[in-house]
Amino acid sequence: RSGPGAGSCYQQVKRVLHAAVPDRLHGREKETGIIRQFLRDHVCGHQPGSLYISGAPGTGKTACMSHILLECKNELARSKTIVLNCMSLSSPQGVFPAVAQQLGLPVATSREGQQRLEKQLTARGPMVLLVLDELDQLESKGQDVLYTLFEWPQLPGSRLVLVGLANALDLTHRSLARLHTCPRGGPQLLHFAPYTREQLTAILQERLAQVAADPVLDAAALQFCARKVSAVSGDARKALDVCRRAVEVVELEVRSQTLLKPLPGGEW
């Protein structure tokens, strides 16, 4: 594709292929329903509890969670929602002052600060929804940080609902085996399987349909990309990235041709 408007067309295509949270999450209807129901049962139903969401990178865990929090904003308005990416913490213990700060408590890294936080989460008040992304960053010697967090919803009078997201399927069974022997059991588990070829194709088609211009990538190219990515990882971000790079290559080729050749009709 060349001629007037070609540059802006490529820009539009590259924009829709960025890994931002889309309006609709294709192929994750079941998982979205489970998370939504968990939040309604626990946060809206004033029942403390925990949910562990696992899945390889690019399988839609964070996108789903962000989408639901936005969608259920009104339902969750009476509770306090805290979202933390654990990659941003300097150490596993750093999660406690980070949560304390969000709750308006004095920030303290000591054991005393942790006890103050626990006392706050078991005192009367609105439900607290704590979403911890990249949860595996909190793994530590003896797993004391993860144990503390997952045990808080089980304490008498607790008002904490904990949602943890991580790549490892077996994190709670491998690292937190003790939780599963508690009377109230361990966290509810939800696994995001890698995207299939059909799901990846649908995701790419849906993104590209947002651009009104003639398709830059044809159906065969999308199928090829989806097949290759699903065979290796099922990572939607990787599929979007591959397509975006393909568009950049085409864009560079067209730009170099346009500089060398006159356009039809003798226009330069």
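This is a predicted model: local features need pLDDT of at least 70, side-chain atom pairs count only at pLDDT 80 or more; totals for chains, interfaces and linings use all residues.
A residue counts as buried when its relative accessible area is under 20%.

## The chain as a whole

Let's step back for a moment. The protein chain holds ten helices and five strands. It has 268 residues, of which 45% count as buried. If you look at contacts between residues at least 6 apart in sequence, 78% of them join residues at least 24 apart.

## Helix 2 against helix 3

Two packed helices are described by the angle between their axes and the distance between the axes. For helix 2 and helix 3 (residues 61–71), the angle is about 50° and the axes lie 10 Å apart. Angles from 65 to 115 degrees would be roughly perpendicular and those under 35 degrees roughly parallel, so helix 2 and helix 3 are oblique to each other. The crossing of helix 2 past helix 3 is right-handed.

Which residues make this packing? On the helix 2 side they are Thr32, Ile35, Arg36 and Leu39, and they meet Cys64, Met65, Ile68, Leu69 and Glu71 of helix 3.

## Two loop residues with positive phi

Next come two residues in loops. His46 is not a glycine, yet its phi is positive, at about 55°. Its loop runs between helix 2 (29–44) and strand 1 (49–55). Glu134, again not a glycine, has a positive phi of about 55°, and Glu134 sits in the loop between strand 3 (128–133) and helix 6 (144–151).

Are these residues buried or exposed? His46 has 54% relative accessibility and so counts as exposed. Glu134 has a relative accessible area of 25%, which makes it partly exposed.

## A buried serine in a loop

Ser158 belongs to the loop between helix 6 and strand 4. With a relative accessibility of 8%, Ser158 counts as buried. Leaving aside residues up to four places away in sequence, Ser158 touches Pro48, Leu121, Thr122, Trp152 and Pro153. Ser158 and Gly49 are 109 residues apart along the chain, while their C-alpha atoms are separated by 9.0 Å.

## Cysteines without a disulfide

A disulfide is a covalent bond between the sulfur atoms of two cysteines. How many disulfides does the structure hold? The count is zero. For Cys225, the closest cysteine sulfur belongs to Cys243, at 3.8 Å, and that is too far for a bond, because a disulfide needs the two sulfur atoms within 2.5 Å. Cys225 is buried, at 6% relative accessibility, and Cys86 is buried too, at 2%.

## Accessibility side by side

Here are the residues discussed above, with their accessibility values.

| Residue | Relative accessibility | Class |
|---|---|---|
| Cys86 | 2% | buried |
| Cys225 | 6% | buried |
| Ser158 | 8% | buried |
| Glu134 | 25% | partly exposed |
| His46 | 54% | exposed |

Key
Residues are numbered from 1 along each chain as its sequence is written. Side-chain values use heavy atoms; hydrogens and water are left out. Helices (H or I, at least four residues) and strands (E, at least two) are DSSP runs, numbered from the N terminus. Buried means under 20% relative accessible area, exposed over 50%, partly exposed in between (1.4 Å probe, protein chains only). Contact means heavy atoms within 4.5 Å. Axes are lines fitted to C-alpha atoms, for helices over the stretch in contact, and angles run from 0 to 180 degrees between N-to-C directions. Angles under 35 degrees count as roughly parallel, over 145 as roughly antiparallel, 65 to 115 as roughly perpendicular and the rest as oblique. A crossing is left-handed if the near helix is turned anticlockwise from the far one by less than a right angle, and right-handed if clockwise.
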